[in-house]
Amino acid sequence: MISIRQRREIRATEVSEDFPAQEEDVKLENKLPSGCTSRRLWKILSLTIGGTIALCIGLLTSVYLATLHENDLWFSNIKEVEREISFRTECGLYYSYYKQMLQAPTVVQGFHGLIYDNKTESMKTINLLQRMNIYQEVFLSILYRVLPIQKYLEPVYFYIYTLFGLQAIYVTALYITSWLLSGTWLSGLLAAFWYVTNRIDTTRVEFTIPLRENWALPFFAIQIAAITYFLRPNLQPLSERLTLLAIFISTFLFSLTWQFNQFMMLMQALVLFTLDSLDMLPAVKATWLYGIQITSLLLVCILQFFNSMILGSLLISFNLSVFIARKLQKNLKTGSFLNRLGKLLLHLFMVLCLTLFLNNIIKKILNLKSDEHIFKFLKAKFGLGATRDFDANLYLCEEAFGLLPFNTFGRLSDTLLFYAYVFVLSITVTVAFVVAFHNLSDSTNQQSVGKTEKGTVNLKPETAYNLIHTILFGFLALSTMRMKYLWTSHMCVFASFGLCSPEIWELLLKSVHLYNPKRICIMRYSVPILILLYLCYKFWPGMMDELSELREFYDPDTVELMNWINSNTPRKAVFAGSMQLLAGVKLCTGRTLTNHPHYEDSSLRERTRAVYQIYAKRAPEEVHALLRSFGTDYVILEDSICYERRHRRGCRLRDLLDIANGHMMDGPGENDPDLKPADHPRFCEEIKRNLPPYVAHFTRVFQNKTFHVYKLSRNK
């Protein structure tokens, strides 16, 4: 439906101020200018240089992505309707609320329109601020009204520049996290370079700008950086309090801007639980982080008018279960190895049972069904039972929710990122096993976390946190391709940290009997510099070619459809069709919809299944009755769905509907034995023949190569 075509016309080191000195670098310190004052000046100089580079690399990344977006669509030259169509699927839906707020006479009226919305779902009044994470659109629309920029900057540019600006913050946060872990800003520079050179696998912001994850992930990266600093031992009280504040604010903003925040933070809670159980993290700090997660979610719950999906989240149940299990199970970290291992397994079992029990109780009290499609999807995905559930199969058949493609590792290997990541991961995992075994075995002579006797293997709490974080999010990415952006960006951080870490190189050199402080210094600086030179040599020409390649947005059929709707239908007309197309209809025309792509509501999912019967084998009377039950005036049929070839047999939308309806699928291939032939032909094909049963209920009012619009008769 949407395509990109070529333009035909215009071708126009190293330690921050709070970084504790590394034991391995004591001898190297002597090579710095002597005296406390000189060392302090050196640190200030290093911090200034590293900070300046962090800001510059973040801004350059932002400009680079914004330029790619402009070059790909010629965004500055296309019409307003084309700009809006370029915000595809749910992106267009979210942007429509920013537009709606700006078009409201006052901010108060704009708020009222969102709280009492009757255009997003026909014949229903819903609270959009409760249902969706759109506070960012509200805030941005108010900011645009307040700032004196209306004469100089169009609303759409204010919106997209804000998102690209957040990318600058994102890259800077990744840079700082790597710097904090390794002790040198060179590590942060390498992480940023890897992020940019692996752009295909680290971000998709340039073509899905309003997507919720593009708002949320920069705050998630800030939170990880703040947690990394917070887990350092011996922080000053003021530094600790400020860091906790940074963690709270970033966690709150992350939770406010993405509906899937609870699942990402559940992974974080599992990281904290694992490290706390293995004595690799101070229990007090883990408790603070659990509390911040719960507090942030509850605040978001209040702002979203007590959204039941938040209250019924697994994260709240899990964190409460951890607190309860701690109270019930005393002396968890004492005893012999086997004794502690038994206590640990019992603790794990208790937390798991409590989590499931609490979550089930909360959901029954709240009568919560909003997230049941996610668990049906997970059940089917991991082979816990075949399902004919339409919603679960709709996710299973989408490439984004499938396994991570193998060619991803080929792209990551081209930049040497994957090789470096595996190298660092293998060493740190080995160290983690040794430290965990030591902690479980040595409960009688416990030491403070993060410190070990001289000569023993050590794993700092902040390193341990990032290790388990990257492993868990790696499993998530491998199982669900859409989540790879959470892993690949952190992969850049973790790999660059390892190559610049004195501890990693010391352990490696000692294992081959080549240990020497000078060699550590040479390796931790020479290896990343060589990789940076390689990346510049190999990818700089390609990036310049990419920036010089000018294309143009081209989708005349959709533009024609939107213009026709604006010119030939009443403002209060109700439209039915595919979720993806209707999001664009709302943005471009402001018409009322029967359904939309924000799929996190059980009643909406039932609506969507009913509306999608236009692509099933149903009688015209049945389809008409279903559509009219939602107040539909016009229905849009898409040839790309009716005659779909993109998916394999069994995953085409018409196949999913046939299976859900108990009908045999079209075309050669097997069918389940209990599926039966349908009594009626496929509606979207048969209606084009203008047979009397169809003409009696539907009148074609618009047609082009892609779309067919029919007006519904009002007779019962």
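The second largest pocket of this predicted model holds about 1,400 Å³ of space, where a pocket is an open set of points on a 1 Å grid over the protein atoms alone, reached by a 1.4 Å probe and having protein on both sides within 12 Å along at least five of seven lines, and the volume is the space filled by probe spheres set on the points. Its lining consists of 45 residues, with Phe 263, Leu 266, Met 267, Leu 270 and Leu 472 lying nearest the centre; a lining residue has an atom within 4 Å of a point. Among the elements that give two or more residues to this lining are helix H13 (261-277), helix H17 (337-366) and helix H22 (461-479), and H13 gives the most, with nine residues. Helices here are DSSP runs (H or I, at least four residues), as are strands (E, at least two), numbered from the N terminus. By class, 36 lining residues are nonpolar, seven polar and two charged, with Ala, Val, Leu, Ile, Met, Phe, Trp, Tyr, Cys and Pro counted as nonpolar, Asp, Glu, Lys and Arg as charged, and the others, Gly among them, as polar.

Residues are numbered from 1 along each chain as its sequence is written. Local features need pLDDT of at least 70 and side-chain atom pairs count only at pLDDT 80 or more, while totals for chains, interfaces and linings use all residues, and side-chain values use heavy atoms, with hydrogens and water left out.

The structure holds 32 salt bridges, each defined as a side-chain nitrogen of Lys or Arg within 4 Å of a carboxyl oxygen of Asp or Glu. Three of these pairs are set out below.

| Glu 213 | Arg 482 | 3.9 Å |

Asp 391 in helix H19 (residues 390-396) and Arg 609 in helix H28 (residues 602-611) are 218 residues apart; Asp 391 is buried, with a relative accessible area of 4%, whereas Arg 609 is partly exposed at 26%. In the remaining pair, Asp 655 is buried at 0% relative accessibility, and Arg 652 is buried at 12%.

Note on methods
Buried < 20%, exposed > 50% of the residue type's maximum accessible area, 1.4 Å probe, protein only.
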